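Let's take a walk through this one together, starting with some ground rules on packing and then moving from helix to helix. Keep the viewer open as you read.

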Amino acid sequence: MASLLKKSLKLALVQLASGSSKTHNLANARTKVLEAARAGANLVVLPECFNSPYGTKYFDSYAETLLPSPPSEAQSPTFHTLSQLAKEAGVYLVGGSIPERDASDAKTLFNTSLTFAPSGALLATHRKVHLFDIDIPGKIKFKESEVLSPGNKITLVDLPEYGTIAIAICYDIRFPELATIAARKGAFLLVYPGAFNLTTGALHWELLARARATDNQVYVGLCSPARDMKADYNAWGHSMVVDPNAEVLQQLGEDEGVVVQELKAGRIEEVRKGIPLYTQRRFDVYPDVSEGGRFKE
Ligand SMILES: NC(=O)CCC(=O)C(=O)O
């Protein structure tokens with residue numbers, strides 16, 4: 001059986017400490033991505049909302065317009081920084097996410113991830129599909145939908161030398177259908193830039209990463225901002241890489257840092273041979289969600 005991951009790849013997760021200065025956040029991202037590239041990374045991931053503080057009151061003032069593509073420098077300094085950086089570092093770069101302003105309706109905002117090739121070309125755009133609306137009394141209330149609109153597609157990205165990865169953002173990880181469709185379409189890695197918090201991070205961050213790996217027998221990478229107890233929103237941190245057998249290969253703590261992990265060609269097939277879910281599914285009993293006809297690439 002051909003390996004989904006065609007050749008071994010070094011994945012880097014950059015757990016960035018972002019603050020209120022977009023200029024500083026972009027410069028810091030550049031320093032850390034170049035550091036990851038020097039450590040041998042082929043694919044580098046930044047956190048959710050890496051160029052701004054995370055919070056509904058910030059999205060409008062930090063938002064950038066991404067269309068027409070490529071946007072001008074004035075429309076999206078972040079697009080240009082990431083594109084140049086991918087090229088300078090010679091890596092595939094999943095640019096975490098940024099607040100995006102719809103080009104045709106200035107009031108409409110999205111939480112959007114941009115992925116660039118080592119040539120600097122934009123490969124994919126993912127708008128967060130499931131907005132983070134929760135209310136746990138006495139703990140945390142957050143309502144992204146007050147200011148953001150949801151995306152409406154699953155995002156698969158072909159990295160020609162390596163294979164296909166799937167990009168989704170944070171709360172998207174709670175919806176197993178999205179991950180399963182991506183895996184059944186051939187993704188070897190599910191990447192989630194994400195900013196969990198001290199309540200749900202402690203409960204579910206690792207659990208969800210390992211669950212999505214277990215369900216789908218693929219690699220999973222979660223990339224968080226560093227924790228800042230002076231910020232309005234305290235990110236959980238703990239960026240982690242999980243293998244197709246749900247083992248946590250590496251995990252950061254709360255502080256800024258970079259983790260570089262080799263993903264091995266053949267490992268997915270080894271795990272699937274041992275526990276052959278892929279040949280045991282009962283689509284005569286329940287539908288194959290990846291063949292539902294509503295899948296949009
Ligand atoms: N930024 C987010 O989507 C946070 C998601 C989260 O914390 C969760 O528990 O889910």
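A residue is called buried here if 20 or more other C-beta atoms lie within 10 Å of its own, exposed if 12 or fewer, and partly exposed in between, with C-beta atoms placed from the backbone. Bear in mind that this is a predicted model: local features need pLDDT of at least 70, side-chain atom pairs count only at pLDDT 80 or more, and totals for chains, interfaces and linings use all residues. Residue numbers run from 1 along each chain as its sequence is written.

With that in hand, go to α5, residues 198–216. Helices (H or I, at least four residues) and strands (E, at least two) are DSSP runs, numbered from the N terminus. The buried residues of α5 are Gly201, Trp205, Leu208, Ala209, Arg212, Ala213 and Asn216. That spacing is worth a look, because an α-helix has 3.6 residues a turn, so residues three or four places apart point the same way. Among the elements covering the buried residues of α5 are α4 (176–184), β12 (187–193), β13 (219–223) and β14 (240–242); covering rests on contact, meaning C-beta atoms, placed from the backbone, within 7 Å.

The 19 residues of α5 reach 27 Å from first C-alpha to last, close to the 27 Å expected at 1.5 Å a residue, where the expected span is 1.5 Å times one less than the number of residues. Even so, α5 has a kink of about 45° centred on histidine 204, the bend at a residue being the angle between axes fitted to the seven residues ending there and the seven starting there.

His204 also turns up around the ligand, along with Glu48, Phe132, Cys170, Tyr171, Arg174, Ala195, Phe196, Asn197 and Thr200; a residue makes this list if its C-beta atom, placed from the backbone, lies within 6 Å of the molecule. The shell divides into five nonpolar, three polar and two charged residues. For that tally, Ala, Val, Leu, Ile, Met, Phe, Trp, Tyr, Cys and Pro count as nonpolar, Asp, Glu, Lys and Arg as charged, and the others, Gly among them, as polar.

Most residues other than glycine have a negative phi, and most peptide bonds are trans. Cysteine 170, from the ligand shell, has a positive phi near 40° and sits in the loop between β11 (163–167) and α4. Cysteine 170 counts as buried because it has 25 C-beta neighbours inside 10 Å. Just after α5, glutamine 217 takes a positive phi of about 55°, and glutamine 217 is buried too, with 23 other C-beta atoms within 10 Å. For cis peptide bonds, look between leucine 67 and proline 68, where omega is about 0°, and from serine 69 to proline 70, with omega near 0°.

Conventions:
Two residues are in contact if their C-beta atoms, placed from the backbone, lie within 7 Å.
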